[in-house]
Amino acid sequence: MADTGKIAKNLERFAIAIAAHDRENPTHTAYGIGLSHFDMERLGFEEGEQVLPGITIQCDSGVSGNFRVLCDADHDEQLTEAEEEAVEAIATRSVPSIAPEVGRTREL
């Protein structure tokens with residue numbers, strides 16, 4: 001069994017992270033906390049265990065010592081859209097270029 005002090009501190013951090021997420025992303029709903037398998041075992045949490053109202057613990061591929069707030073938004077989709085916009089903006093520009101002359105040497 002994990003130390004209750006460690007669990008209490010982590011629950012407090014989870015609650016702060018959920019509140020910060022909800023404040024910064026009002027259109028997204030948080031549903032869980034992602035922990036590495038090692039941290040789940042160390043703290044004594046079970047996969048799918050509800051730790052806060054509506055918030056469950058999920059096994060995550062993150063590194064030990066860190067956690068993620070899991071929500072229903074697709075943050076990667078927004079990143080992909082931004083990358084596509086950047087690619088399109090760059091692709092519409094024409095850059096003049098001079099082809100090097102092949103096989104010709106310059107004398108000094």
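These entries record what I looked up in the structure of one chain.

**Entry 1: the model and its elements.** I noted at the outset that the model is predicted. I then listed the secondary structure and found three helices and four strands in the chain. Read from the N terminus, the order of these elements is α-β-α-β-β-β-α.

**Entry 2: burial and surface.** I looked up how much of the chain is covered. The chain has 108 residues, and 24% of them count as buried.

**Entry 3: contacts along the sequence.** I asked what share of the contacts with a separation of 6 or more joins residues 24 or more positions apart. The share is 64%.

**Entry 4: the nonpolar core.** I found that the largest nonpolar core contains 13 residues. Those with the most contacts inside this core are F14, I33, L35, F45, V51, I55 and I57. Two or more core residues come from each of helix 1 (4-24), strand 1 (30-35), helix 2 (37-43), strand 2 (50-52) and strand 3 (55-59).

**Entry 5: strand pairing.** I next examined how the strands are joined. Strand 1 and strand 3 run parallel and are linked by four bridges. I33 has I57 as its bridge partner in strand 3. Strand 2 and strand 3, by contrast, run antiparallel, with two bridges between them. Here Q50 is placed opposite T56 of strand 3. I also recorded that strand 2 and strand 3 make a hairpin, with two residues separating them. In the turn, G54 has a positive phi of about 80 degrees.

**Entry 6: the surroundings of I33.** I set aside the neighbours within four places in sequence and listed what I33 contacts. The list comprises F14, I18, I55, T56, I57, Q58, F67, R68, V69 and L70. Its bridge partner I57 is therefore also one of its contacts.

**Entry 7: L35.** Not counting residues up to four places away in sequence, L35 touches F14, M40, F45, I57, Q58, C59, D60, N66 and F67. For one of these, Q58, I looked up the spacing: L35 and Q58 lie 23 residues apart in sequence, and their C-alpha atoms are 6.3 Å apart in space.

Notes. Residues numbered from 1 in each chain as written. Predicted model: local features only at pLDDT ≥ 70, side-chain atom pairs only at ≥ 80, totals over all residues. Heavy atoms only, no water. Buried < 20%, exposed > 50% of the residue type's maximum accessible area, 1.4 Å probe, protein only. Contact = heavy atoms within 4.5 Å. Core = buried A, V, L, I, M, F, W, Y, C linked by side-chain atoms within 4.5 Å. Pairing = 2+ DSSP bridges.
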